[in-house]
Amino acid sequence: QAWLFFPSTSDVTEEIRTYFDQIQSTNLEVAYVDQALESELAKELKVQKNGTIALVRGSDEDQQVQRIRIGEELSKAERKLKKLDAEVSKALLKLAADPRQAYITVGHGEMYWKKSASVLPARTIQTVRDELKRLNFKVTELGAAQGLASEVPEDADLVLVMGPTEAFMDEELAALDAYRASGGALFVALDPGVKTDMSALLEPVGLAYAGDSVLVGDTNIWVATRRPGDRYNIFTNKVSTHPSVTTLSRNSRTRALLTPLAAPLTQLDNPPFKVEITVRSLDEVWLDETRNLRFDAATENRKG
């Protein structure tokens, strides 16, 4: 149910009505009420003023309520009205499903959501944490201190490993792999240019990653400084049909993906599972074995 506490005399009411009139669903009942006239309902839903949206699921002891404060004066409510769809979606997601548990590993120099002297601004993942919370995940740290050296907690719906720069203990890697093998959802993001051995997680699913090796190109690059270092800035428009790259796949003739630093993720022979590589480099790039940013035909190969 959507209880819309907006008096008929408010200019904001028409904006709210226009939005909710577009939501056609037999699962959602919409009613406009005045807080002053429906004091008992307002008390039950903990709505103290008009200008509030109360989204309700269930009844009595099982009732769940999400409140969105908009305001009654249009001049003050305009900023919130611009975000109305996002706020309603966020609230409905929280009502539609029980909260899920996401763990993000810590203790290995990973990206982190809190800014501090030890975390560079480019390695903060506040937006990742915010998006997980919007999707109704509870986000918790997971490291050796939280028991990762023995097992991943049983309530884990998702575990994220975000750009570690230091080694995991063998026991931690074994726990993560066991979690994945038992059907757990494991998301691993690795930094190019950083040598962190994650083969214990990658090899069982048929992948290999050479993080300390970097791909280089001399055409189709972003010329940012007009120095040799620009050769790290390679483009590609070679993508699969996977949903995560649909936009680029449909516009590959006029759009490309820029990777300012890239290391090769490769598929092993005879992988135990179906592996779908979603992005491939252009055939003109090479692995810079000599570390001089120049192509050496004797020792290096251009290939996708």
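In which loop is K49 found? K49 lies in the loop between α2 (39–44) and β3 (52–57), where helices (H or I, at least four residues) and strands (E, at least two) are DSSP runs numbered from the N terminus. The model is predicted, so that local features need pLDDT of at least 70 and side-chain atom pairs count only at pLDDT 80 or more, while totals for chains, interfaces and linings use all residues. Residues are numbered from 1 along each chain as its sequence is written, and side-chain values use heavy atoms, with hydrogens and water left out.

K49 is exposed, at a relative accessible area of 52% (buried is under 20%, exposed over 50%, partly exposed in between; 1.4 Å probe, protein chains only). Together with R69, R79, K80 and K83, K49 forms a surface patch of positive charge (residues with over 30% relative accessible area and no salt bridge, like charges joined within 9 Å). A salt bridge here is a side-chain nitrogen of Lys or Arg within 4 Å of a carboxyl oxygen of Asp or Glu. K80 belongs to helix α3 (residues 74–82) and is partly exposed at 32% relative accessibility. The C-alpha atoms of K80 and R69 are 8.4 Å apart, with a separation of 11 residues in sequence.

A patch of negative charge on the surface comprises E151, E154, D155 and D157. E154 sits in the loop between β6 (137–142) and β7 (158–162) and is exposed, with a relative accessible area of 80%.

Q101, in strand β5 (residues 100–105), is buried at 9% relative accessibility. Its side chain makes a polar contact with the side chain of T140 at 2.8 Å (a pair of N or O atoms within 3.5 Å, one able to donate a hydrogen and the other to accept it).

Definitions and conventions:
Patch = residues over 30% accessible without salt bridge, like charges linked within 9 Å, V, L, I, M, F, W, Y side chains within 5 Å. Areas by Shrake-Rupley, 256 points an atom, 1.4 Å probe, with all protein chains shown as cover. Lys, Arg positive; Asp, Glu negative; His and termini not counted. Charge placed at Lys NZ, Arg CZ, Asp CG, Glu CD.
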